[in-house]
Amino acid sequence: MTGKQGRQWRSMCKGLVLGTLLTSCMILLYCLSTPQIHFSLPEVPVPYSCAHRPSQHHPKPTANSSQQTTGQTCTPKVDIMFMKTHKTASSTFLNILFRFGEKHRLKFAFPDSRNDFFYPSLFQRSQVKDYRPGMCFNVICNHMRFNAPEVAKLLPMDTSYITILRDPAELFESSFHYFGRLVPFTWKIPGDDKLTEFLHDPHYYFDPEGFNSFYLKNLLFFDFGQDNTLELDDPQVEKGIKFIIGRFQLVMLVEYFEESLILLKDALCWDMDDLLFFKLNARKGSTVSKLTPELRARALDWNAIDWKLYQHFNQTFWKKVDVYGRQRMAEDVAELKRRNAEMASICIEGGRAVEAGSIQETAMQPWQPIGEKSIMGYNLKKNVDKAHRKLCRKMLMPELQYLTELGVNLWITKLWGHVRDIINW
């Protein structure tokens, strides 16, 4: 028995070593497969817009007490830069953007071979699929590390810049769960509750030079192209926040997603039907760590720059709501929720999300983190009427599948996905 146990132990150790080496190699392939040479591209002015202009004009009501329409009309804005931050319901919003873009026949600036612009490297125009100087695009929305000068050279001057933020404590918990296994310094954290152990002494475990360390400290600030390891009182922090303030016209909040969409509708003159959504890429509740008040305070202290950024835009968000009108906002949010519930009853089998193992159609399987299947998805009703069938499928479609349908070549992402599936098996 002892000899058999010894052989099993050696076999398990060999498997762990081989698995670690394979995982490390594939992580390096996935995260570092960025072009090493960026050619100096000529400066060619971007035209005002290349969009097929929407024909419909929407009435734009004022926010006065009478709530009456003034008779003014507006045309939907179609030139959009959406800064897709991590773990902020951005996949849900991306689905909204994809459907809006298809509706208005917009030109997307997509990455090539991956679902991001070679993150975490700073964005370069050369990373855009089939890019040539002077080309016209309407929308850019995939994950990137923001690089304002390069983005500005890609889109029309009057492009609307939009992004979304999330409470940094909740974002840290989500990022630790989703990306923790891709950050090597977390491997040495003892115990089953690695998040709690880390937050009790983050400076002991954190390596600012470590591979993928940016996922676990001030991730929002990093996504915007800033230095996430600065001390809070460093002048560069205030400078970075002012830069974000000056660049983005609308900063949405995850915690008030419907309210954010209503503000977007008002700012861009969209229609209520453009805002319909189902929550995508959500985790099942049993995998979410409930932060105690102490752990929440520690998470906010550890992500102090993100907390400062969030607090500023939380204040400006509610000022925008006040201008819009609180009562008007409440009515519009109620209407959006009513329409989403109606679509859920039409499209979704059982009316709700299910765990990955219960998703019947392979094409509807969402991307899963390494080591588990915690991301939920949907089953499309089999008897959806013809009028809603196409819309239902698109609203339920995970991000990678939708990108493929839009013509994006995801060979690196898919290769990494196959390795991830083997690891998860």
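Guide: **A salt bridge and its surroundings**

The side chains of Asp167 and Arg296 meet in a salt bridge, at 2.8 Å from N to O. The term denotes a side-chain nitrogen of Lys or Arg within 4 Å of a carboxyl oxygen of Asp or Glu. This pair links distant parts of the chain, 129 residues apart: Asp167 lies in the loop between β5 (160–165) and α4 (168–179), and Arg296 in helix α10 (residues 293–302). Helices (H or I, at least four residues) and strands (E, at least two) are DSSP runs, numbered from the N terminus.

The model is predicted; local features need pLDDT of at least 70 and side-chain atom pairs count only at pLDDT 80 or more, while totals for chains, interfaces and linings use all residues. Residues are numbered from 1 along each chain as its sequence is written, and side-chain values use heavy atoms, with hydrogens and water left out.

The two partners can also be described by their accessibility. Asp167 is buried, with a relative accessible area of 8%, whereas Arg296 is partly exposed, with 27%. Here buried means under 20% relative accessible area, exposed over 50%, and partly exposed in between (1.4 Å probe, protein chains only).

Arg296 has a further contact: its charged end sits over the ring of Trp307, 5.9 Å from the ring centre. For such a contact, NZ of Lys or CZ of Arg must be within 6 Å of the ring centre and within 35 degrees of the ring normal. Another example involves Lys217, which lies over the face of Trp302 at 3.6 Å from the ring centre.

Trp302 in turn belongs to one aromatic cluster, together with Phe172, Phe176, Phe185, Phe198, Tyr204, Tyr205 and Phe206. Rings of Phe, Tyr and Trp (its six-membered ring) pair if their centres lie within 6.5 Å; planes under 30 degrees apart count as stacked, over 60 as edge-to-face and the rest as tilted. The structure holds 34 aromatic pairs.

To return to charged pairs, a search of the whole structure finds 20 salt bridges. One of them joins the side chains of Glu102 and Lys394, at 3.2 Å from N to O. Those two residues are 292 residues apart, with Glu102 in helix α2 (residues 90–103) and Lys394 in helix α13 (residues 386–396). Glu102 counts as partly exposed, at 34% relative accessibility, while Lys394 counts as buried, at 10%.
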